[in-house]
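Work through the exercises below with the model open. Each task is followed by a stepwise solution.

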Amino acid sequence: MGSFVIKPNMSGWNLFNGYATKLLQANKTITIDVIEGERKKRSLSANALQAVWTQEIADHLGLSEIECRCYLKREFGIPIIKACGDYRAEMIIDFLEKHHYDFLSVEQQDHLIKDLPVTRIMKTKEHKTYMDRLQRFFAEQGLILEVR
């Protein structure tokens, strides 16, 4: 949790209030950004392009699709989320530390993060950074990832 939409009929308020109360009771500080209107979600085309690139990268590296998704999460996605400095970074860092991620083998790390939402929780700008990094990195490896 962490992003809430509160509508004029106050739907969303109880969910937000319960979450905020839980954090405050745990003696945590909360920072709230108020934005008028709803945030735009990433377009389906950005998600579709990511899926195409993931398969192209998997083929290039000789990995299965799931192995490739884990590799991309581990090497590109998680560092972007950890650097965002908000509740998402805190959630990911807490989760990884709780499971001693840095001390696990790559196979164990992949097993741990295979269902962890990473690109799903990225904001549009972060997802663009992610895609740009993939494009640059793999171009250096001889794989040209094209925007379609």
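## Exercise 1: the faces of H5

In helix H5 (residues 106–113), four residues are buried: Gln-109, Asp-110, Leu-112 and Ile-113. Task: find how these buried residues are arranged, seen down the axis of H5.

Solution. 

Step 1. Buried means under 20% relative accessible area, exposed over 50%, and partly exposed in between, with a 1.4 Å probe and protein chains only. Helices (H or I, at least four residues) and strands (E, at least two) are DSSP runs, numbered from the N terminus. This is a predicted model, in which local features need pLDDT of at least 70 and side-chain atom pairs count only at pLDDT 80 or more, while totals for chains, interfaces and linings use all residues. Residues are numbered from 1 along each chain as its sequence is written, and side-chain values use heavy atoms, with hydrogens and water left out.

Step 2. Look down the axis. An α-helix has 3.6 residues a turn, so residues three or four places apart point the same way.

Step 3. Check the other side. Glu-107 and His-111 are exposed there.

Step 4. Identify the partners. The buried residues of H5 pack against helix H3 (65–83) and helix H4 (87–98).

## Exercise 2: a buried aspartate

Task: decide whether Asp-110 is buried or exposed, and list what Asp-110 touches beyond four places in sequence.

Solution. 

Step 1. Asp-110 lies in helix H5.

Step 2. Its relative accessibility is 16%, so Asp-110 counts as buried.

Step 3. With contact taken as heavy atoms within 4.5 Å, and not counting residues up to four places away in sequence, Asp-110 touches Cys-70, Tyr-71 and Arg-74.

Step 4. Tyr-71 is 39 residues from Asp-110 along the chain, yet their C-alpha atoms are separated by 7.4 Å.

## Exercise 3: the nonpolar core

Task: name the residues of the largest nonpolar core that touch the most other members.

Solution. 

Step 1. A nonpolar core is a set of buried Ala, Val, Leu, Ile, Met, Phe, Trp, Tyr and Cys residues joined through side-chain atoms within 4.5 Å.

Step 2. The largest one has 25 residues, of which Ile-57, Leu-72, Ile-78, Tyr-130, Leu-134 and Phe-138 touch the most other members.

Step 3. Two or more residues each come from helix H2 (44–61), H3, H4, H5 and helix H6 (124–140). H3 gives the largest share, 7 residues.

Step 4. Take Phe-138 as a case. Not counting residues up to four places away in sequence, Phe-138 touches Ile-57, His-60, Leu-61, Tyr-71, Leu-72, Phe-76, Leu-143 and Leu-145.

## Exercise 4: the geometry of H6

Task: compare the span of H6 with the expected one, then sort its residues by burial.

Solution. 

Step 1. The expected span is 1.5 Å times one less than the number of residues.

Step 2. Glu-126, His-127, Tyr-130, Met-131, Leu-134 and Phe-138 are the buried residues of H6. Seen down the axis, they fall within an arc of 140°, so they line one face of the helix.

Step 3. On the other side of H6, Lys-125, Lys-128, Arg-136 and Glu-140 are exposed.

Step 4. Just after H6, Gly-142 takes a positive phi of about 90°.

## Exercise 5: Arg-88 and Thr-119

Task: find the side-chain polar contacts of Arg-88 with Asp-86 and of Thr-119 with Gln-50.

Solution. 

Step 1. A polar contact is a pair of N or O atoms within 3.5 Å; within protein, one must be able to donate a hydrogen and the other to accept it, and residues adjacent in sequence count only if both atoms are side-chain atoms.

Step 2. Arg-88 is in helix H4 and is buried, with a relative accessible area of 2%. Its side chain is joined to that of Asp-86 by a polar contact of 2.9 Å.

Step 3. Thr-119 sits in the loop between H5 and H6 and counts as buried at 15% relative accessibility. Its side chain makes a polar contact of 3.2 Å with the side chain of Gln-50.

Note on methods:
The arc is that of the directions from the helix axis to the C-beta atoms.
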